[in-house]
Amino acid sequence: MKPATQYTKSGHINIAYQVYGSGPIDLVYIPGWVSNIDWMWACPELVYFFEELGKFAQVILFDKRGTGLSDRIVELSTIEERMDDIRAVMDAVGSPKAVLFGHSEGGSVSALFAATYPNRTISLITFGVFAKRRYSPDYPWAPTDDERQKVYDMIENSWGSGEMGLESLAPSQANNKVFMDWLANYFRSGASPSAAMVLTKMNTEVDIVDILGSIKVPTLLLQRTQDVDVKIQEGRFVADRIEDSIFVELEGSDHLFWAGNTEEVLEEIRAFVTHVTPKRNYQKRLLTILAGRVLPSEDMSHQDIVGQFVTQYRGSIIQYDQGVFVATFEGPSKAVHCSLELQKVSKGVAVELAIGIHILEGAVDEARFVHDETVLCVKEIIKHTEPNQILITQTVKNLLSGAGLNVVQHASIFETGSNDKLQLFSVIDHSRMDYNQDDGRVHTVPKKGLFLENVLQSIERHIHDEDFGVEMLCSEVGVGERQLQRKLKAITNKSPNQLINSVRLHRAKELILGRHGFNITEIAFKMGFSNPSYFSKCFKKEFDLSPSELLQRENQYAPVAKTIAVSDML
């Protein structure tokens with residue numbers, strides 16, 4: 001039977017999740033590309049796989065931001081933010097440690113999570129994982145730009161039809177019309193065409209090659225030898241770079257683990273989960289190090305501002321001495337956006353900042369004091385940075401896909417403690433720079449969090465008010481209409497009015513699925529829509545289903561799940 005759908009917050013974003021199973025170990029399933037945790041339960045093959053997992057684990061399913069039942073209001077998200085979604089769901093369930101089971105791109109996110117939070121990861125399992133999604137001479141198995149363009153064209157031209165060319169994902173089911181129809185509907189219910197396009201282009205930029213060596217948790221990598229979507233060589237490449245990992249090559253060509261020889265896949269996972277002995281504590285983890293130099297160095301008034309912004313972006317100051325400060329962050333996107341805000345404020349108080357950012361494998365207790373290897377790293381970073389400049393290493397750049405930043409290659413080369421040489425890049429965010437120049441004001445740390453969160457909080461405060469619009473939103477967040485338009489477009493790929501409508505529609509969807517006793521007309525009025533027919537039109541455009549069609553589809557799930565459960569008992 002389909003588990004109840006629940007919601008938790010990752011930042012200010014609603015993440016949908018489900019929990020089921022009777023096993024003693026928590027297992028989080030991280031899907032690839034797009035998903036819909038309700039629609040999963042309409043596929044008998046996938047339901048069988050999940051039910052088998054639930055016999056030896058408590059299974060946690062979720063839709064990442066921008067997909068399925070989770071908020072779709074932020075279409076641009078980073079691999080780091082998707083990692084935050086995993087942590088948010090684990091916290092909501094009360095799971096201190098879990099096995100991570102990542103499929104395809106979900107395996108890439110899981111790998112980053114395992115390296116960053118080893119003490120919250122029992123073990124890592126991936127199926128059909130890739131390290132990069134764009135061809136390069138050192139990774140020749142990834143799709144070329146021309147091959148990726150064919151995927152973009154499919155999304156652009158065929159997302160709304162049945163001609164999506166999905167047979168390569170499950171060749172063993174290519175002639176099974178019921179399965180293929182479900183798969184096409186699953187993807188369409190998981191993302192709108194524009195969201196699918198943004199996610200696909202963002203995945204094209206994923207590159208976790210540099211962090212694979214930092215994964216220390218027990219790791220099982222599963223891959224089918226004839227997989228067309230992700231080549232077997234890619235699995236071997238990843239396995240070679242993760243210490244003591246187990247790589248299992250399975251017969252077949254299906255990229256979907258619930259198609260083909262699923263019993264073999266299940267047996268490998270079952271044996272690994274039930275027999276692996278994880279370490280109790282790990283002493284090292286992946287850290288993002290930010291090193292900054294304040295000029296003039298004797299200006300200590302800037303120390304409080306630095307501390308405020310670092311805290312706002314969930315970082316920790318571990319050293320501030322003679323104008324040089326060092327901070328650690330849980331991911332590169334937070335460090336870069338913090339640097340951009342600091343740079344913007346510094347210009348208004350006649351202070352110059354030089355900032356460099358790198359990712360390294362540091363001690364778990366690095367948040368409290370600086371270790372010797374970090375000191376060497378900081379010195380190397382500071383050596384290359386000039387005033388009013390933000391430099392990042394290639395390792396950082398590779399993990400910033402979806403961050404909406406302008407990155408330009410720099411002339412300098414960064415040399416790591418292990419004598420590896422990394423290209424440096426300069427970060428420029430034109431939208432932030434324009435925003436600052438337009439109003440000429442010095443901006444202090446927002447009291448209620450990040451800019452987008454302030455916007456979302458304002459919309460939710462007025463979600464029932466049909467008169468709420470752009471003018472009132474501008475007044476509450478303290479920016480002009482042109483500035484609001486530009487910043488929201490850069491962050492969410494939506495105009496302010498589109499964002500207001502989208503928030504309202506997602507809250508309406510929650511009310512419909514939550515069966516709170518309101519009819520569709522009442523829900524429309526509650527969400528600030530004065531015209532129920534216009535509400536239904538907007539709803540269908542957002543979710544590819546009208547409110548009544550959503551209710552009808554939801555009512556169909558229970559019988560499907562019940563039939564499967566009964567057949568298992570016969």
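Student: Which residues in α6 are buried?

Tutor: In this predicted model, the buried residues of α6 are Ala 195, Ala 196, Met 197, Val 198, Leu 199, Thr 200, Met 202, Asn 203 and Thr 204. That's nine of its 12 residues, so the helix is mostly covered, given that buried means under 20% relative accessible area.

Student: What covers the buried residues of α6?

Tutor: The cover includes α2 (79–93), α3 (105–116) and α4 (145–158).

Student: How far apart are the end C-alpha atoms of α6?

Tutor: They're 17 Å apart. At 1.5 Å a residue, the 12 residues of α6 (193–204) should span 16 Å, so the two values agree.

Student: How do I read the packing of α4 and α6?

Tutor: Two packed helices are described by the angle between their axes and by the distance between those axes. Here, α4 and α6 pack at about 170°, and their axes are 9 Å apart. Angles over 145 degrees count as roughly antiparallel, and therefore that's how α4 and α6 run relative to each other.

Student: Which residues of α4 meet α6?

Tutor: On the α4 side you'll find Arg 148, Val 151, Tyr 152, Ile 155 and Glu 156. Their partners in α6 include Pro 193, Ala 196 and Met 197. By class, the contact of α4 with α6 has six nonpolar, three polar and three charged residues.

Student: How many salt bridges does the structure hold?

Tutor: The general idea is that side chains of opposite charge can pair when their charged atoms come close. This structure holds 28 salt bridges. One of them joins Arg 65 to Asp 85, with the closest N and O atoms 2.8 Å apart. Arg 65 sits in the loop between β4 (57–62) and α2, while Asp 85 is in helix α2, 20 residues apart.

Student: Are Arg 65 and Asp 85 buried or exposed?

Tutor: Arg 65 is buried, and so is Asp 85. For another case, look at Asp 91 and Arg 120, whose side chains meet in a salt bridge (2.8 Å, N to O). Asp 91 is partly exposed at 46% relative accessibility, whereas Arg 120 is buried at 19%.

Key:
Residues are numbered from 1 along each chain as its sequence is written. This is a predicted model: local features need pLDDT of at least 70, side-chain atom pairs count only at pLDDT 80 or more; totals for chains, interfaces and linings use all residues. Side-chain values use heavy atoms; hydrogens and water are left out. Helices (H or I, at least four residues) and strands (E, at least two) are DSSP runs, numbered from the N terminus. The expected span of a helix is 1.5 Å times one less than its number of residues. Buried means under 20% relative accessible area, exposed over 50%, partly exposed in between (1.4 Å probe, protein chains only). Contact means heavy atoms within 4.5 Å. Axes are lines fitted to C-alpha atoms, for helices over the stretch in contact, and angles run from 0 to 180 degrees between N-to-C directions. Angles under 35 degrees count as roughly parallel, over 145 as roughly antiparallel, 65 to 115 as roughly perpendicular and the rest as oblique. Ala, Val, Leu, Ile, Met, Phe, Trp, Tyr, Cys and Pro count as nonpolar, Asp, Glu, Lys and Arg as charged, and the others, Gly among them, as polar. A salt bridge is a side-chain nitrogen of Lys or Arg within 4 Å of a carboxyl oxygen of Asp or Glu.
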